[in-house]
Each structure stands twice: as structure tokens, then as C-alpha cells.
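Please open the structure in your viewer and keep the selection tool at hand. The stops below go from a single strand out to its sheet, and then on to other parts of the chain.

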Amino acid sequence: MNILEWHTIKLDSVLKELTASQNGLSSEEVKLRLEKYGHNTIQIEKKISVLDLFLSQFKNLIVLILIIAAIVSGVLGYVQHEDEYFFDAVLIITIVIANAVFGFVQEYKAEKSIEALKKMSAPLATLLRNGEEVQVKASEVVPGDIVILREGDVVPSDARIIESISCYVDESALTGESVPAHKEAEEVDSTAQLADRSNMLYMNTAITRGKATAIIVTTGMNTEIGKIAKEIASVEEEGSHFEIEVEDLGKKIAIGVFAIVIIVAGTEFLLRNGDPVMIFLIAVSLAVAAIPEGLPAIVTLALAMGTRKMLHQNVLMRRLATVQNLGSVDLICTDKTGTLTENKMTVTKIYHQGNVVEITGKGFDIKGNFSINGNAASPKEFELLLTCAALCNDAKKTSSGFKGDPTEIAVLVPAYKAGYDVEKEILTYKRVDEVPFSSERKMMATINEMETGHVLFAKGAPEIVLDKCDYTYEKGKIKKLDDATKKKITETYEKMASEALRVLAFAYREVKLSDYDDAEQLEEKLVFLGLMGMIDPPREGVKEAIASCRDAGIRVVMITGDNHLTASAIGKELGFSGKSIAMEELDKLSNKELREIVEKIDIYARTSPAHKVNILKALKENGHIVAMTGDGVNDAAALKNSDVGIAMGIRGTEVTKEASHMVLLDDNFISIRNAIAHGRAIFDNIRKFVAYLLAANSTEVMVIFFASLFGFGLPLAAVHLLWINLLTDGLPALALGIDPPAKDIMKRKPRPKEERIIDNRMVMFILAIGISATIVILSMFHMVEFGDLVEAQTLVFTAFVLFEMGKVYLTRWYYKVDLFTNKWLHVAVLSSILLQLIVLYTPLSQYFRVKALDGSDWVIIGTGFVVFMVLSFVLLKLESVFVQRDVRDQVPVKS
């Protein structure tokens, strides 16, 4: 039988098809089916092995060029019988492996964190097996199992209902419908859409009310969620902008090195009949000089340190490279429920005896105050209303918090705020009968044994309850409900509804048990008690976080499945001033019209996951870099295709988390704002140390190139260049990578999508620094080389190291960073200088082919350093006159 038809056939046929009975499967049969169908788990993509994860760290052009340089050095060492070339090769390979280890460790930790989240949320299922009720892991459920589901349970796999008692299921994670769906056992027409299959239960949906018994029909990847997971797995994920940029940088460096080597080789052959070995040495030196060996490692470390900070602020990054994308985000599409709001319905207003009572406190907090027109109100005045709300209620407070339907919890909490001993009331005034809530009746009633006799308490939709009321309760007395009072009550609940409050009415009547056969017969001639209006309130601090994003030039858009009225009310409270649109209007738009209108709309109401995908597509086609939040299974496609897909750690399904780039562990919008600030800070730091590293490497290339071109000889050996790069790319660059965020980090516009890390400003910086250092260093080398080549190389070698340390501070000055905000940078600079002195004045000098410098050498180096710093400063000042500054470095912006 086609699994898509389970909802259309009779229950007997379902049991026959699955070779099962309502008493459950035997243990032996479960083992056989587990072998046949496999575990009941969802897997979006093939699990990457530890080895594959490690090897993936080498898929980078810069790393490949380094490996080639190491091989060349090794071959040269073998041919020339020179240990120094083997030393060069070992040093390069050590740097490459260190970089790979850093990247591997961080990404491995991220994957382990995701696995830990899965284990923490691994559900259990209550089944009938061997005729007895047992609890097993949801992953061990098999087709034919009989599952027993009660309020609060999560459905372990797709199932056909056998029996349903007032069962309502939250299917929003799968269908996008925000209202719980009513479930029953009768078969459904074959044309019914997924959301209309009332006799089916689907994996990862939750029972919000009532109970049901069902038979599992499919498991794992054959479930509805499994089908979506397969579709997601087939979507090819784009590389991050940063990954593309680093790859592009590697290509440019490779082309540059090759071009320079050709020029040098041609010059040597044509002008000086050069020695092939010498040309080979120069080529290796140029390759080593041009490549910033530490760039991949420093980038990885900067990203890793940033993700560690983010984790402390409830953001788990699944891919390191996505961190940089965060800094470029110019538009956030966010859910409302739970992200902008508390995801806890809260009664904020009570209508009683003609007065509107305001209630403070949010969510499940049992502390709050009651007031009328700003004056304190005593809960004693509406005690009977609060009693009705507490007793006509299936929610309850446990040691671990409130359990039950969100609406019922909301109307229960005010009784606790009033200081009532609700548990004692429930035990004292025992429920003897009830009429459960149903979507057809739109109300619920209970009969409780009170001190004065038996009382029926009712709650439900205001128009339904009010229609059943003949009386009203005022100042302790029951009065006839006249038309004027009825009109005022109607006007009040309509006004509350227009404020996006969900409104329930409450009523009661005294009854005699002997007067009825069915409690529903007594739902007439009721006494009206009052109204309660509730809403899911905004989270604390979210309004300020949204304003902070707008200050940063980031547009925030709300996409919700809630109705237009509720979405607009919450939006207004959070400062959304743009237009809003509902699903019905979206469906009428062409792709061109949608692309135009998404630039004007701030609130999308009654949307489905399919709408999310279309909105995302239109925004990306318009050139936006989009961060998209989601929690439901059907959100996974939108998350995977967005620039930054953000899954909810608490409400999110496992499929959504697997498809995401990052997970919010607290489901809070504030954490998105914080993550973007971190992303921007990390990009700033990457740009600084890239500028620093390339300025250093460009100097090395220019010195070797022009020395060769002018026939000066080789100022530096490959081992010297590697050591300089190791000191430059090591502690100082790493210290730049952990610079604290700029104070105006969230006052700038986002980085344009087409802007690269290496912009015009950086090119001018690199040229100014490179030219200054090259002029000074070649002058020093030319002065000394005729006396002693080793001494001249040692002097240039040491000057290079000191110049690189000076470049650190020039970089910070150029990018307007306070020189004293990073103590670790000063430690790094001093440590690098100390390491250079150790090389000069210890036996290590023989491995580097250098000699100890005397006082006169230090005078030359010191003079050269001062000239270099002054010349660089002058050139950079001139550059600021001729090159337009990035306005984001100067002017705070508002959006």
C-alpha cells in the first residue's frame, strides 16, 4: 500500500496491512521490524567522518601552494645536499598541519555540540508491547507499534489514529498552522491536504490537549519529515562569501607569484646568464615571501575565538566561515513567537463588573499586580472569576513549572498572582463532571463540588458564552443580564480583540446533580462573570535590540503564522513602522511584484513555510544578504538557502537545526543582534590582520624582486623569510585577531555584498608600507653587503622583524583603533622581538646562518626603523587625501 494513502482506508485495513493488532507487537516481532525498517531517525546529510573533516581543512589554494613550496624545498635539499632546505620544508609543513588541526578541532567541537543537543532532546514514546504499556526511545519505534499519547507528548513517528478523546495537536512545525489541529479516528478523503488529514499524527508534532491511541505506519526517512529531509539534502549549499574571498585571494597570490618568478627568471637569463639553481632559490624565496603562511591559521583562530564568545551568549555556530557572513547581513527575517515574544500567553486585562483591570507580569511569572485606571485593585473583588478560571481548567503547576495548554496556563496564572492556594482549591472543590472543549462548541465546562453545593463553571469564546448567559454577577449579587449590559460586554471584548488580545469569557451557575443526564444540558441560564484578554508579550530587551540593528543599517522583518491583527499589534509595540501584508495578498503577487513589495513590507502575517522561501528568494534576488530564523520542519529549506540560517535551539526541530548555519540556544532575538555585532568585530579584526600580513609579505616580495632585478644578490634566505613570516603571522597577527569590538560597531552600515576584504584602502596601505620598507631595507643592505654578506643578511633579517612590529601599530593607527585597548598585542610584540634576539645570540644562529650584531649594526637598524615609520606615516597621510574614506568608518547611520 502506498504510504500516502494511510489516511484514506479503514482502520481494520490499516491493521491488516501492517500485520498488527491493537494489543501491540511482541518483542520478537519488534526485533525483526527494527532490522527490516531501521531506526526511527532523521538524517539530512551523510555524517562526515573524523578523517574527512580533517582532510577538508586542506581544501584551500593557499594551503596547497604552501605544500608545493614545501615539496620544492625538500627536493632542493635532496639535490643540493643542504639541511637548511629540509628545515624549510619541515617548517612549512608544520605550519600547514597546525592550521589544519586548529580548524578541525573547532568544527569537530561544533558538530559534537549539535550531537549533544540531540541527545538532550531525545524523546521517549509510550507503547503497547506484549499487551503491556512500556516506555522506549522514540528511535526504537517500528511500523505496527501501538502508541499511547497524552497531553504534552511528542508524536514519535507518523501514525494513524485508532481512538481520540478531545485530541488537539500542534502541527505548526510541519504545516505552519499556528492553531492546534483537532484529531479524530474516521478516515479522510484521498484529496485531503496534509494539514486536513485529521486522522493522522505526524512525527515531532505535539499533543496540546486530550489524548489518543494510534498505530505507527511509517518511521524514519519515510515519514513526512523524512521526505522533507531528503529534499533538503539534495539542495547544494553555497559557500560563504568569506570562503569564496579566501579562495579568490589564494588564486591571486598564486598568479602573482608565478608572474614575478617568470620576470625574475627572464631577467636572470637574459641580462646575467643566471645560474638555474640560483633562479630556483629565488623562485622558492619569492613563493615563501608572497604566501602569508599563517593567514589560514589566524583566520581559523579568530573565527574560533569569536564562536567561543558567541557560545557564552547562547549562539552556537555550526560553520566557522558563517561568522563573517553575519557581519554582512543587511536584513533579518525573524519569527514572532518565541523569538520576538515570550512564547507564553499572558493575561494582561480582566473585564469585571464594568471595569477593566490591568495585570502586570509576563509569562508564567506568578508575581504581578492588579490595577484599575492606575489605582491598585484588590483581587477579592473578582475572586469568583479567578476561581472559575482555576477550576474550569486542565492546566496545573508542578515542581518543574506549569503544564498544559498555553491558553489554560495563561488564565490560571492570575489566580496565583492574587495569592490563592490554587492546588488546595482544586483538591477541595473536586471536579465531578466535565464537558471538554471542542472546536465545534468553542467552550469548556466543569461541575465542581463546592461548599454550597455543585457549581458549573464555564469558559470559552465570548460570543458563545455570552449567548448562554441570562444573568450577570455584580457586587456579590446575581442580576438579570439586560441588553445594555450585554452590548457593553460585547463592545468590550471586541475592543480587546482589536488590541490583538485573545479573549475568553467566564460564567457559572449552581446545579443539582439529579437535574441532568449530561453536563452539556446545563450550559444555559448562566451567570456572566467576566472576560480575560491575553497576548504573547514581547521579550524584555527585544525592542532595544531591534533598534540597535536598525542603527546598524540592518532592516528587521517579521514573518509569522499569526493573524494580521496580532502581528501588527506586536509589531507596533516593538517599533515596526513599515507596511504589513497577509498571506492572501501575497498569493496574488507575481515574482516581479513580490520583488518590488518586499522592499516596503516589514510584517508578513498568516504566512506558511512556502511563503518564507518565496520571500527569501525575492530578497536575495534584490541583492540582500539575509539572515532567516525558523523552527519548523518546513522552515529548513529557507534556512539552508539563506545567507545565515538561524534555528531555534529550544523550539526548533532537529531537521531545522541540521539545515541551519547557527543555533540560538535561548530562541531570543537579542542573541541574533549580539551575534551580528560579533560577526562585524571578527571581520574588522580579519581585515586588520590581513592588511598587516599582506603589507609584511609584499615588502618581502619587493625586496627580493628588486634586489634580484638590480643584481644586489639575495638579501634573505628562504629560512629567514619563513622565520619572519612565523613571527609576523604568529603572536602579533593572532593578537590583532582578538582586538575588542569598536565602540561604534553597531552604528555602521553593513558591508556591501560586493565589497571584498581587500579594498582600495587596503591596497593603498599595503603599497605605502611596502614601498617605505623596501626603500629603507634595500638601502641598508646595499650599504653593508660589500663588507660581509652574512652580516648584511643578518642586519636585513633583524630589520625586517622590527619593521614588522612597527607595522602592527601602523595598522591599528590606520584603522582608527586605540593603541592601548589590547594588552596582549604588546605582549606579542615583545615576545617576537625576544625570539629574534634568541636566534641572534644563541647557538640557533648557525641554523639560520646569521651572526651576532654589534652596536653599530643596531644604530643602522634603529635609524632605518625611524625613517621607515616617518616615511610610512607621510605616505599614508597623503593616501587619505587622495582616496575616499569608507563612510562606515566615520559616520553613524540610521535606517
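Begin by selecting strand 27 (residues 644–648), which is mostly covered, since 5 of its 5 residues are buried; buried here stands for under 20% relative accessible area, exposed for over 50% and partly exposed for what lies in between, with a 1.4 Å probe and protein chains only. Show the side chains and look at both faces, for Val644, Ile646 and Met648 on one side are buried, and so are Gly645 and Ala647 on the other.

Before moving on, note that this is a predicted model, in which local features need pLDDT of at least 70 and side-chain atom pairs count only at pLDDT 80 or more, while totals for chains, interfaces and linings use all residues. Residues are numbered from 1 along each chain as its sequence is written, and side-chain values use heavy atoms, with hydrogens and water left out.

Strand 26 (626–630) runs parallel to strand 27 and is joined to it by 4 bridges, with Thr629 standing opposite Ile646. Strand 28 (662–664) also runs parallel to strand 27, through 3 bridges, and there Met662 is the bridge partner of Ile646. Two strands are said to pair if DSSP finds at least two bridges between them, and the elements themselves are DSSP runs numbered from the N terminus, helices being H or I of at least four residues and strands E of at least two.

Now widen the selection to the whole sheet, an open one of 8 strands in the order 8-28-27-26-9-23-25-24, with mixed pairing. Its edges are strand 8 (315–317) and strand 24 (579–582), each of which pairs on one side only. Neighbouring strands are turned against each other by 20 degrees on average, direction ignored. Helix 24 (residues 669–709) packs on this sheet and touches strands 8, 9, 23, 26, 27 and 28, its direction making about 160 degrees with that of strand 9; axes are lines fitted to C-alpha atoms, for helices over the stretch in contact, and angles run from 0 to 180 degrees between N-to-C directions.

Within the sheet, select strand 9 (residues 331–334) and strand 23 (residues 555–559), which run parallel and are joined by 4 bridges. Cys333 stands opposite Val557 in strand 23, and Cys333 counts as buried because its relative accessible area is 0%. A search of the whole structure finds 0 disulfides, a disulfide being a pair of cysteine sulfur atoms within 2.5 Å. Cys469 is in no disulfide, and the nearest cysteine sulfur, that of Cys388, is 10.0 Å away.

For the next stop, go to helix 13 (residues 406–417) and pick out Thr407. Why does Thr407 count as buried? The reason is its relative accessibility of 8%. Leaving aside residues up to four places away in sequence, Thr407 touches Arg502, Leu504 and Met534, where contact means heavy atoms within 4.5 Å.

Finally, select helix 28 (residues 789–814) and helix 29 (residues 823–841), which pack at an angle of about 180 degrees with their axes 11 Å apart. Helix 28 is therefore roughly antiparallel to helix 29, a description used for angles over 145 degrees. Residues that meet across this pair include Phe797, Val801 and Met805 in helix 28 and Leu825, Val829 and Ile833 in helix 29.

Notes:
Angles under 35 degrees count as roughly parallel, over 145 as roughly antiparallel, 65 to 115 as roughly perpendicular and the rest as oblique.
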